[in-house]
Amino acid sequence: MKAMKEETTEIKQIKDDKDLICSLCKRCDNIPEKYGEKITLQQHNLTVHYFCLLMSSGICQRGEEDEDVHGFLVNDIKKEIRRSSRLRCMHCKKVGASVGCSIKSCRQMIHMPCGVEQEFIFQFTGLFPSFCKKHAPSQSCVSSPSLPLSCSVCLEPIESVLSYNVLKCPACHGSWFHRDCVQHYAHSAAMFFFKCTLCNNKDQFQQEMLRMGIYIPERDASWELEENAFGELLQVYQHCDAVKCLSHKGRKHSSQSGLFEIVRCKLCGSRGTHRKCSNLRLYDTDWVCADCKAAVEENKSVQLPNHVESPLAIRQERKRLFKNISDFHSSLITKRQRVPATSPEVLMDLACQISLQQSTEVLVGDDDGVMEAALQVLRQSDFNPCCTLSVKFSKDKLNNNIRNQRRFLKRLVSKLQMSEIFEGPDGVKNLALNSKALRDDLYFEVGSLLALSLIHGGPPVGFFSPALYHSLFKYPTNYRPTLQDLGDTAFAYKIRQIAEANSKKELRHAMQSASQYLEAAGCWRKISKLSEKDMLVEDVLNFYLIIRLQLPLQRFREGLRTLGLFEQVQMCTESFYSVFCGPVERLTAESVMELFTARFSEEKEQQAKENTTMNYWKQFLHECDEGRCAASLEDILTFATAADLVPSIGFKPTPSISFFSSPDPSCAFPQSHCDANHLILPILPSYELFKKHLDYTVCQFSVMQDI
């Protein structure tokens with residue numbers, strides 16, 4: 001009776017555990033892949049969902065991993081429960097909202113499960129930020145997918161529009177998923193086996209899924225954790241399937257040898273017989289079951305194997321073959337993805353999204369107001385990045401759109417380099433940590449403006465430091481931050497003192513001088529050997545340049561995803577390195593000559609004069625390069641194309657040169673049509689006159705541009 005009572009109590013306790021309510025979200029749901037593990041601390045009368053803890057805005061993991069709830073201390077959890085009890089959820093309107101949007105200017109608060117229903121994105125990496133539907137990261141599709149589409153996990157039809165519930169692989173762009181399907185897949189496969197089902201990409205795929213709010217457990221796959229999960233592979237078929245079994249010990253009995261040893265079908269291995277039951281001789285090992293014999297007789301081309309393989313060996317061979325096929329398919333896709341593409345080609349493909357029929361008007365007062373004008377346009381609720389930019393400067397009477405657009409984009413990139421979200425010397429900028437910029441979401445906006453500039457025909461960015469480029473795109477793969485990445489700051493000076501210390505005494509003195517910085521970075525520790533200073537400096541650099549900037553980097557990446565730029569740069573990181581990182585390649589006489597294509601006349605006599613003019617043109621470029629002319633190569637390119645640098649996307653159409661003759665050579669001056677990147681040169685009797693006219697025209701044009 002007592003045993004029955006104890007059993008009843010135990011069952012009641014288990015039932016009660018299932019009905020326990022999470023102290024944070026006030027729900028009793030137990031769905032690990034959706035809300036995380038449901039954990040109960042009976043001695044503290046406390047139950048929480050693991051994800052509710054991870055995403056709560058007012059708590060951090062201060063304990064060891066095996067302490068209390070995976071490092072979240074009980075006292076901290078209770079403080080968070082009290083804090084959230086004063087906050088109301090914007091979805092269910094009940095108190096206890098512990099999760100807030102990570103954008104400082106956004107005030108949306110929710111329960112974690114309510115956030116799932118409201119399409120919040122929870123990123124299970126870094127600082128575990130949360131984003132509401134308005135500020136959530138999104139994916140973009142460069143080209144329309146071929147229809148029909150099906151989910152690569154459940155194989156059911158899927159909408160061909162990327163959204164919260166529809167995700168795609170960032171590597172092959174051909175594998176699309178339902179969010180619930182890819183989350184179930186991630187929860188099952190976990191970190192070691194979670195990869196794209198189509199292209200087998202693992203690193204890029206996992207990084208993208210984490211960005212889009214998919215939780216990937218840090219454990220082995222669920223099928224690897226099951227006890228005796230593959231036990232059946234170690235078993236062989238042991239059953240006599242003869243019409244009449246003659247064994248007195250039953251159909252499952254098999255002796256070590258002799259007439260009552262079970263022989264398995266040499267083709268399928270899933271049927272068996274005692275030798276005596278099928279009239280086999282003692283040394284016979286070749287036997288085919290009735291099903292396989294019927295199949296073979298119908299198809300005479302099927303050849304029987306010469307030896308018997310166990311079911312385990314057959315399964316292992318099939319597994320090996322499938323792995324080879326998978327590896328071969330993966331290598332084909334990898335090779336296809338690694339087809340070399342230049343940055344201008346990639347940008348030109350992205351620019352195909354821009355509509356020439358629709359335009360966005362950008363009104364600029366003067367060059368100093370370029371960034372304000374750009375941000376004003378970007379913040380418009382109906383802004384469309386696919387529209388052509390129609391730029392108008394208030395003091396410009398001509399209002400040539402191509403010339404204004406290139407002038408605007410050049411000034412914009414220059415102003416962005418000087419914005420408060422960057423720090424460091426010119427040409428090698430790193431992201432700065434600026435709370436106001438985070439609150440205003442300026443990191444996203446600057447990233448978006450840089451993407452728009454490159455795709456709309458702006459100049460190369462040219463001011464990223466190698467450390468910033470590596471933090472964004474993981475290239476170069478073996479790059480490590482250096483002291484040069486810190487620039488010339490007081491912090492850099494103190495860290496250099498640590499790096500240059502030649503004795504333990506100097507090292508202790510340098511560390512004491514930089515103690516505030518080391519404590520903030522979590523790097524204040526005892527150093528017993530002088531050689532340990534290198535690891536200390538590396539840890540400080542990683543914290544200062546990467547770890548503390550995770551949220552700014554995340555928002556900056558989101559901005560760079562405008563028009564699909566970020567994904568394409570990730571696929572061609574080497575090609576884009578020179579676009580983002582300086583110095584920008586200087587113009588030379590040879591590079592300018594290669595830009596222009598000459599349009600010669602068909603008449604031979606006229607062709608001869610035009611060839612002479614082309615020689616004058618080449619000589620003039622060389623003298624400009626050597627500084628023997630009033631005009632510079634940049635002035636000449638600006639006169640012909642309205643750009644003093646070759647845009648990252650290149651020139652379209654290709655710059656060209658044509659010629660004209662005048663009855664009065666003294667009045668024959670060069671002309672240009674920058675809309676067509678076209679330069680018209682006069683045919684003149686001498687190089688001196690050609691140089692004089694071209695120099696004068698280009699310089700006058702430059703003066704007019706500066707007014």
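This is a predicted model: local features need pLDDT of at least 70, side-chain atom pairs count only at pLDDT 80 or more; totals for chains, interfaces and linings use all residues.

Q: What happens just after α16?
A: Lys474 comes there, with a positive phi of about 60°.

Q: OK, β13 again. What does Glu423 pair with in a salt bridge?
A: With Arg548, side chain to side chain, at 3.6 Å from N to O. This pair ties together distant parts of the chain: Glu423 belongs to strand β13, Arg548 lies in the loop between α20 and α21, and 125 residues separate them.

Q: Is Glu423 buried, exposed or partly exposed?
A: Partly exposed, because its relative accessibility is 26%, and the buried class stops under 20%.

Q: How many salt bridges does the whole structure have?
A: The search finds 24. Another one is Lys133 with Glu119, 3.5 Å from N to O. Those two also link distant parts of the chain, 14 residues apart: Lys133 is in the loop between β6 (130–131) and β7 (166–168), while Glu119 is in the loop between α5 (112–117) and β5 (121–122).

Q: What about Asp426, what does its side chain meet?
A: Lys429, in a salt bridge of 3.8 Å, N to O. Asp426 counts as exposed, with 60% relative accessibility, whereas Lys429 is buried, with a relative accessible area of 6%.

Q: Which residues do shared partners join into one salt-bridge network?
A: Glu208, Arg211, Glu558, Arg561 and Glu567.

Q: Where on the surface does positive charge gather, I mean which residues?
A: Lys78, Lys79, Arg82 and Arg86 make up a positive patch on the surface. Of these, Arg82 is found in helix α4, residues 74–84.

Q: Switching to the serines. Where is Ser102?
A: In the loop between β3 (99–100) and β4 (109–110).

Q: Why does Ser102 count as buried?
A: Because its relative accessibility is 18%, and the limit for buried is under 20%.

Q: What does Ser102 touch, beyond residues up to four places away in sequence?
A: Pro129, Ser130, Phe131 and Leu551.

Q: And how far is Ser102 from Ser57?
A: They are 8.5 Å apart in space, C-alpha to C-alpha, with a sequence separation of 45 residues.

Q: Last one, Ser453. Which helix is it in?
A: Helix α15, residues 442–455. Ser453 is buried there, with a relative accessible area of 1%.

Q: What is Ser453 in contact with, leaving aside neighbours within four places?
A: Leu409, Val413, Gly458 and Pro459.

Terms used:
Residues are numbered from 1 along each chain as its sequence is written. Side-chain values use heavy atoms; hydrogens and water are left out. Helices (H or I, at least four residues) and strands (E, at least two) are DSSP runs, numbered from the N terminus. Buried means under 20% relative accessible area, exposed over 50%, partly exposed in between (1.4 Å probe, protein chains only). Contact means heavy atoms within 4.5 Å. Patches are made of residues with over 30% relative accessible area and no salt bridge: like charges are joined within 9 Å, nonpolar side chains (Val, Leu, Ile, Met, Phe, Trp, Tyr) within 5 Å. Accessible areas come from the Shrake-Rupley method with a 1.4 Å probe; for residues, only the protein chains shown count as cover. A salt bridge is a side-chain nitrogen of Lys or Arg within 4 Å of a carboxyl oxygen of Asp or Glu. Lys and Arg count as positive and Asp and Glu as negative; His and the chain ends are not counted. The place of a charge is taken as NZ of Lys, CZ of Arg, CG of Asp or CD of Glu.
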